[in-house]
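Dear colleague,

Below it I have set down what was found, in the order in which I would read it.

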Amino acid sequence: MSKQSNNRQQLYSDDYFEKGHWGLKIWQTLVGLFGWVCVIVPIVTTVLSFWAAYHPHVLHLWSYNEGIFEIKFIGIILLFSFAVVSLFAVGMTIIQNRKRDRVVEQWPTFNPINQRKREDQLEKFMDDRFGNREFREHVRHYQVKPEQNLDTDQIHQLYEQHDLNDLDE
């Protein structure tokens, strides 16, 4: 084994996939198969019964008129729901594409010179407030003192002090 594979940490375990535990494997497999049977049998029964109402050569499991009516009704509801969801999805796609064409793809949506200045000012502010970048990115635990908390609009005020607010232009 390589050193790297020895250092890997196992984050989960499942007795089903480990060696042994045959009783557990058999029990969970039977429960899984029973669950699938409980899903598949009603679907097959319903499809065969609906199909048999229109084709006499198909096996008739049940042929209640109320059941056939109910299946048709649910089909109409599902078809209507699909149509509404499709219209909504297509409409939202068109709206988003138009919005993207109007707003996002305009170049530039911000002043790139001011953006660089904002990044520099913000970096300087964070260095003064919380320590240098290397310290902030490599510290494992840091407790912020109450006086270090930022006010709601403190960054906005910082930009305004240095005349870097693009929103006012």
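Lys-25 is a residue of helix 2. Please keep in mind throughout that the model is a predicted one. Lys-25 is buried and yet has no salt bridge, since the nearest side chain of opposite charge, that of Glu-18, is 8.6 Å away. A polar atom of the Lys-25 side chain does, however, lie 3.5 Å from the backbone oxygen of Tyr-16.

Helix 2, which covers residues 22-52, also holds Val-39, and this residue belongs to a nonpolar patch on the surface that it forms together with Trp-36, Ile-40, Ile-43, Val-44 and Val-47, with about 580 Å² of accessible area between them. Val-39 itself has a relative accessible area of 41% and therefore counts as partly exposed, because that class lies between the buried limit of 20% and the exposed limit of 50%.

Asp-163 sits in the segment after helix 6 (154-161), and with a relative accessibility of 67% it is exposed.

The backbone of Asp-163 also deserves a look, as its phi is positive, near 55°, although the residue is not a glycine. His-21, likewise not a glycine, has a positive phi of about 55°; it is placed in the loop between helix 1 (3-7) and helix 2, and at 37% relative accessibility His-21 is partly exposed.

With kind regards

Key. Residues numbered from 1 in each chain as written. Predicted model: local features only at pLDDT ≥ 70, side-chain atom pairs only at ≥ 80, totals over all residues. Heavy atoms only, no water. Helix = DSSP H or I, 4+ residues; strand = E, 2+ residues; numbered from the N terminus. Buried < 20%, exposed > 50% of the residue type's maximum accessible area, 1.4 Å probe, protein only. Patch = residues over 30% accessible without salt bridge, like charges linked within 9 Å, V, L, I, M, F, W, Y side chains within 5 Å. Areas by Shrake-Rupley, 256 points an atom, 1.4 Å probe, with all protein chains shown as cover. Salt bridge = Lys/Arg side-chain N within 4 Å of Asp/Glu carboxyl O. Lys, Arg positive; Asp, Glu negative; His and termini not counted. Polar contact = N/O pair within 3.5 Å; in protein donor to acceptor, adjacent residues only side chain to side chain.
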